[in-house]
Amino acid sequence: MTSVHASTDPAQPDARPQPDRPTVIAAAGLTKTYTFHDQGAGLAGAVRSLVRRRYQTRLAVDSIDFTIGRGEVVGLLGPNGAGKTTTLKMLSGLLYPTSGELEILGHTPSRRRPDYLRRIALVMGQKTMLWWDVPAMESLLLHKEMYDLSTAEFERNVDELAELLEVRDLLNVQVRKVSLGERMKLELMAALVHRPEILFLDEPTIGLDVVAKARVRAFLAEVTRRHGTTILVTSHDMDDIEALCSRVMVIDHGRLQYDGSLSGLVHAARPRKLVRATYARPVDASALAGLADLDGVAVGSDGSDQTVSLEVERERTGEVLEQLTRLGPLVDLDVADADVEEIMRDLFLRRGTVGTVGTEQVR
Ligand SMILES: Nc1ncnc2c1ncn2[C@@H]1O[C@H](COP(=O)(O)OP(=O)(O)OP(=O)(O)O)[C@@H](O)[C@H]1O
């Protein structure tokens, strides 16, 4: 399978690390193969496995190379089972890579040295690091001890995070009594109370309502703005990615398929813009036929003779808009890129064909 790399279009800046950002994460040939015991179904399977154990292997991450610069916010995208969580677990030192090189902040993560662990944090949307039966403050105080924070440092960080996340009133409430959105905010607080330089986030907004999602995104954006925190985030919610990430890495079947700007991916996948013009009166059919004859323009139909829907090659957009203004009195004009969610759905449905999405430099 081929891979698409960052944009070569001068209008789309290459989102990969810029030379002025020191590299904080460097992975080369990073690979993880799981070996697991294949038991077989039912009692017969259990008995058989006592006599003769069968093992299977699964290549979850397949020789990926990337570097991330200090302060970058990078989205790790891919369908279910692509290898995103496995990658995050290797980066945070929870899993040993099977092979390859990994250096983060000058450390080898799998050694789990305390001076590495105090510079990173991992938040998994589906797992909690808070004790359920006591207020979140108890967990924060434990983190204070674990990370050896001075009282002044601890109080300063708690104050800042409680204010940004608007959770001051929740700190002394038993965690099991808060809502899911409130718990996620407290999770982020616990992850950031030691002010890590790198934050690994696995589905940080999963299950949250739209308001809570927006709050979490705004909070994360503010944290990187204030402290230059480097973030690597996985999410199936494209709004998270659009709101936060200057760069995305697309992973599928454990292979890195794309590394560059989100807009570069959109342009590669859908080189045309969607244009929709609504008129005060029905549009003359012959004028519309003239538009359809232009190179790089495809006319769609939405059943209304007062609306014109087109797919237009980017370079021709200006010219086409000019022509549209001549078709009659306009009521509304909308020019959009294809929806990112839709593009990702197409890419993952056509799994294995990401390399054909466009004219980007192909490896
Ligand atoms: N502990 C494990 N033992 C065996 N196989 C595993 C294990 N953990 C993950 N896998 C397999 O490795 C592959 C990658 O899984 P991973 O959890 O990294 O994917 P993901 O991209 O995070 O998926 P999702 O979006 O569903 O969370 C999958 O095929 C998964 O079944």
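Helix 2 gives the largest share of the shell around the ligand, 3 residues. A word on terms: helices (H or I, at least four residues) and strands (E, at least two) are DSSP runs, numbered from the N terminus. This is a predicted model, where local features need pLDDT of at least 70, side-chain atom pairs count only at pLDDT 80 or more, and totals for chains, interfaces and linings use all residues. Residues are numbered from 1 along each chain as its sequence is written.

Which residues are around the ligand? They are Tyr34, Phe36, Arg58, Ala60, Gly78, Asn80, Gly81, Ala82, Gly83, Lys84, Thr85 and Thr86; a residue is near a molecule if its C-beta atom, placed from the backbone, lies within 6 Å of it. Strand 2 (23–37), strand 3 (55–69) and helix 2 (84–91) are the elements that give two or more residues to this shell.

Next, the domain. UniProt, in an unreviewed entry, lists residues 45–278 as "domain: ABC transporter"; such annotations may be inferred rather than shown by experiment. Over residues 45–278 the chain is 39% helix and 26% strand, with the end C-alpha atoms 64 Å apart.

Last, helix 6. This helix, residues 180–192, reaches 18 Å from its first C-alpha to its last. The expected span is 1.5 Å times one less than the number of residues, and for the 13 residues of helix 6 the reach is close to the expected 18 Å. Is helix 6 mostly covered or mostly open? Mostly covered: 11 of its 13 residues are buried, that is, 20 or more other C-beta atoms, placed from the backbone, lie within 10 Å of their own. Among them are Glu182, Arg183 and Leu192.

Key:
A residue is buried if 20 or more other C-beta atoms lie within 10 Å of its own, exposed if 12 or fewer, and partly exposed in between; C-beta atoms are placed from the backbone.
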